[in-house]
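Here is a short tour of one protein structure. Keep the sequence and the 3D view at hand while you read.

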Amino acid sequence: RRLEPVVQSRIQSGGRQEDLLRLQLEIGELENDLASLEDLRPALVARLAAAMNHPAAALDVRPELFEPEVARLDADELLATARIHNPALLVLNEELAGSDTARRLAKLATRPDLALGVDWIQTGSALAPGTDGSGDDPLAVSLSLSLPIWGQKNGARRRGADHARRAARARLDDAEAGLEAQIADRIFAVDDAARRIALVRDSLLPRATEAFELSVVSYRAGKAPLYELVDAERRRLELEKAYWRACRDHHQSRARLRTVVGGDLE
């Protein structure tokens, strides 16, 4: 629509009427695309509300567009944070601790078990006065010794505990290795989005804007056809969308990285 006054001015100075018709055709196609996106929005909001178990009306707002703060991420620091906060690793660490406890109990089962007990019975006074021992509460001391004579059973229990601990350790090591790979992959996604943001913002978009402005000047002077002007504007708009897609990718990649780490990235 910003190009319509340019084309009308060119027509007034002897340009072709077809240029205005072609421009209006371009506008109509864009308006159709925009209407399709607007019609799709309620369905997307409903899907998001269902996924979040949240009222749809509260989510039907326009997202705020802003460039993310780009910062370098340290993989070693993030891995150290993940070892402390990642939920899956916390579960596996608890399983390993439980297997260690079971292993210690299995070893204790092979040792003699000595038990010392003291019992006190409160009897009270006898009904008949003068009864010998009336009011004296008996006290009993016991001593027991359990010998581990079931050697095969205790040995199997100990070996089973050893196998369970090795399995828990292997699962934890495998999870840490997979976590390290996930962190590296998500850091790459964050850095790649940051690179695209800088490239489009600092290089491609300024050049496309300059090319569009030169096309406008050339078209006004009758030195360029309309399609060059429209193509220059389309390239500029595509780069603008590419810039905001890169910003979106950066935000989403950092969010995915936070889910892996289990905490803040700073």
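The report below covers a helix, a surface patch, some ring contacts and the salt bridges.

This is a predicted model: local features need pLDDT of at least 70, side-chain atom pairs count only at pLDDT 80 or more, and totals for chains, interfaces and linings use all residues. Residues are numbered from 1 along each chain as its sequence is written, and side-chain values use heavy atoms, without hydrogens and water.

**Helix H1.** Helices (H or I, at least four residues) and strands (E, at least two) are DSSP runs, numbered from the N terminus. Buried means under 20% relative accessible area, exposed over 50%, and partly exposed in between (1.4 Å probe, protein chains only). H1 spans residues 4-12, and its buried residues are Glu 4, Val 6, Val 7, Arg 10 and Ile 11. They cover an arc of only 165° around the axis, so they lie on the same side of H1. The arc is taken from the directions from the helix axis to the C-beta atoms. Pro 5 and Gln 12 are exposed, on the face turned away from the buried side of H1. Just after H1, Gly 14 has a positive phi of about 110°.

**Ring contacts.** The charged end of Arg 10 sits over the ring of Tyr 219, 4.6 Å from its centre. Such a contact needs NZ of Lys or CZ of Arg within 6 Å of the ring centre and within 35 degrees of the ring normal. Arg 236 places its charged end over the ring of Phe 212, 5.2 Å from the centre.

**Nonpolar patch.** Leu 114, Leu 116, Val 118, Trp 120, Leu 139, Val 141 and Leu 143 make a nonpolar surface patch of about 880 Å². Patch residues have over 30% relative accessible area and no salt bridge; like charges are joined within 9 Å, nonpolar side chains (Val, Leu, Ile, Met, Phe, Trp, Tyr) within 5 Å. Strand S1 (113-120) and strand S2 (139-146) each supply at least two of the patch residues. S1 gives the most, with four.

**Salt bridges.** The structure holds 23 salt bridges. Each is a side-chain nitrogen of Lys or Arg within 4 Å of a carboxyl oxygen of Asp or Glu.

| Pair | N to O distance |
|---|---|
| Arg 1 and Glu 4 | 3.8 Å |
| Arg 1 and Glu 31 | 2.3 Å |
| Arg 16 and Glu 18 | 3.8 Å |

Arg 1 is exposed, at 60% relative accessible area. Arg 1 lies in the segment before H1 and Glu 31 in helix H2 (residues 17-52), so their pair ties together parts 30 residues apart in sequence. Elsewhere, salt bridges link Asp 192, Arg 195, Arg 196, Arg 248 and Asp 249 in a network.

Definitions and conventions: Accessible areas come from the Shrake-Rupley method with a 1.4 Å probe; for residues, only the protein chains shown count as cover.
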